[in-house]
Amino acid sequence: MALAFYNTLTRRKEPFIPLNPDCVGMYVCGPTVYDSAHIGNARPIIVFDVLYRLLKRLYPAVTYVRNITDVDDKINARARENGEPIAALTARTTAQFHADIAALNALPPDVEPRATAHIAQMIALIESLIAKGHAYAAEGHVLFSVPSMPDYGQLSRRNQEEMIAGARVEVAPYKRDPADFVLWKPSTDDLPGWDSPWGRGRPGWHIECSAMSREYLGVTFDIHGGGQDLVFPHHENEMAQSICANGRPFARYWLHNGYLMVEGEKMSKSLGNFFTVRDLLGQAPGEAIRLAMLAAHYHQPFDWTADGLRQARMGLDRMYLALRAVAGIPAEDRDQVPLDVMAALEDDLNTPLAISHLHEIATRLNKAVTDEEKAKWKGALLASGDVLGVLQQDVEAWFRWAPEGKDGLSDAEIDRLVAARIEARQTRNFAEADRIRKELADQGIQLEDGAGAPPGGGGGGAALRHWGMGRRRVPIPPHASFPMLPTAPPPPVRALSGPWRQGCLPRRQVPACPCRP
RNA sequence: GGCCGGGUGGCAGAGUGGCUAUGCAGAGGACUGCAAAUCCUUGUACGUCGGUUCGAUUCCGGCCUCGGCCUCCA
């Protein structure tokens, strides 16, 4: 099946034909670094990470650019509240963002440019817009002239009358047209600012993405992604700026993930259903959070629930159990993603369908009798996990996950109890055996009696052996107690899988790629 | 008000003009000292009213309902 996406620009699902099949370019709006990432922020990160993984399998090279917005009035306001220097706030928040999403198995983008490192490019873009009659300076501001672009509004499908009718903000006096938006605004001495032809100031919200996408992907590139809430005004304006400045088309495929709700309600701090990624990482493994997020199609609205997280975790339990049962058998075709999984993902990133195929593969793996079959389905499951970004960890590590501060019994204690239970079973003292099992269960250790020898040797009597340490499952608290473990400290995040680039790379360090200008 | 996207079985969630989604939960069975896990079998679906059609959950229209966005900011 050919790769196809629902393109917001055309409101249709279209076959994906890259500008240059040797290198696909992809830009996704990244975070404004003033606060911890919440689950609403995590959705585009995870969705477009799957897209990135998919594209990397389909094309020889992909350049994935995801910006860091480190100049913004929200940042200024937060720094003032905290009494913290802006640079410290943005650096701290950026580092936490990286750690959080690495725990969700999000791969680092190829380029992660910071807005403050691209002010010169933004100024150049604005000058070009002024020169072409698409922007004007007024009272220290520079504004984009919406009437100068007859096609304005194509992405969000709205016309200017509608926007004026719906405007809920007073129109600034320096605007020639109510729809005009800010490219550059003046900064007072206490605010971040850069010298410009229009005096000391700072960029408007939209211009950074126009400048940075052009810098790293060229004026016309393949895919632009982001949350649906960015379609208007951010992406509409970004597109307008870029098209008017460059005189050429901008992004060719616009992909937007649906909005996110929590337990059926809009997420908000006032409703008490606001969760950061870090909160959730204290309650469930990152992969469970990731799979929960992928359980719905990216384009659909997503309702984040404690039960959904629990089900995702159980689903991964099932897959990891299937893998554990074939731990001693090498996987075959480890890198070959099964066709049905690929077909699902190529069809506009249908992750729920892909996940259903993972379950089917797990079933086949469980049913496999011969080593050949086991090797084949093990490889199929692992390869499928790779493209979705799950099943990435050691099987035993998965089952030993525990929330921070809830380590419970030590391995030595568990071994002692397991040995005592084996002895009780051998003497047919089942009451004692069950008591010990319950004791372990109360500590989150689930013992399973298997017929085979435990991995790594050792073990008990015939037909009375246990496997490994048993499964460590710490139950997620029930629905009603959501938010869960609100005071749990942040968990340690695993080592980053690759070097995160600090800020903007000098151009020469960007991976050589034909799609760059 | 305008634009956009939803409403599928107990739950989550795909998909399709007529043929099993998948997982969890439920029921029965195999296995087990008992469990757990695993495997087998199995039940309950497509908001509403019309239209098109031999036939619609699937296409079209109305309605009801849920939600997002409607700028220079917060």
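The model is predicted. Chain A has 517 residues, 54% of which count as buried. Around RNA strand B there are 52 residues, and α12 gives the largest share of that surface.

**Chain A overall**
- Chain A contains 16 helices and 17 strands.
- Of the contacts in chain A between residues at least 6 apart in sequence, 78% are between residues at least 24 apart.
- Chain A has an accessible surface of about 22,500 Å², and carbon and sulfur atoms make up 53% of it.

**Surface near RNA strand B**
- The closest of the 52 residues that surround RNA strand B are Lys-175, Ala-179, Asp-180, Arg-437 and Gln-446.
- Among the atoms of RNA strand B that come within 4 Å of the protein, 63% belong to sugar and phosphate.
- By residue class, this surface is made up of 21 charged, 19 nonpolar and 12 polar residues.

**Polar contacts with RNA strand B**
- At the phosphate, a polar backbone atom of His-297 is 2.5 Å from an oxygen of RNA strand B.
- At a sugar or linking oxygen of RNA strand B, the partner is a polar side-chain atom of Tyr-259, at 2.9 Å.
- At a base oxygen of RNA strand B, a polar side-chain atom of Arg-421 lies 3.3 Å away.

**Elements that supply this surface**
- Two or more residues each come from α5 (160–166), β7 (181–186), α7 (231–246), α10 (306–324), α12 (351–367), α15 (411–426) and α16 (430–442).
- The contribution of α12 is 8 residues.

- Asp-333 sits in the loop between α10 and α11 (339–346).
- The relative accessible area of Asp-333 is 45%, so this residue counts as partly exposed, since the exposed class begins over 50% and the buried class lies under 20%.
- Asp-333 and Tyr-64 are 269 residues apart along the chain, and their C-alpha atoms are 27 Å apart.

**α11 and what covers it**
- The buried residues in α11 include Val-341, Met-342, Ala-344, Leu-345 and Glu-346.
- An α-helix has 3.6 residues a turn, so residues three or four places apart point the same way.
- Cover for the buried residues of α11 comes from elements including β1 (4–7), α1 (39–58), α12 and α13 (371–388).
- After α11 comes Asp-348, which has a positive phi, near 55°.

Methods
Residues are numbered from 1 along each chain as its sequence is written. Chains are lettered from A and ligands numbered from 1 in the order in which they are written. This is a predicted model: local features need pLDDT of at least 70, side-chain atom pairs count only at pLDDT 80 or more; totals for chains, interfaces and linings use all residues. Side-chain values use heavy atoms; hydrogens and water are left out. A residue is near a molecule or strand if one of its heavy atoms lies within 4 Å of it. A polar contact is a pair of N or O atoms within 3.5 Å; within protein, one must be able to donate a hydrogen and the other to accept it, and residues adjacent in sequence count only if both atoms are side-chain atoms. Helices (H or I, at least four residues) and strands (E, at least two) are DSSP runs, numbered from the N terminus. Ala, Val, Leu, Ile, Met, Phe, Trp, Tyr, Cys and Pro count as nonpolar, Asp, Glu, Lys and Arg as charged, and the others, Gly among them, as polar. Buried means under 20% relative accessible area, exposed over 50%, partly exposed in between (1.4 Å probe, protein chains only). Contact means heavy atoms within 4.5 Å. Accessible areas come from the Shrake-Rupley method with a 1.4 Å probe; for residues, only the protein chains shown count as cover.
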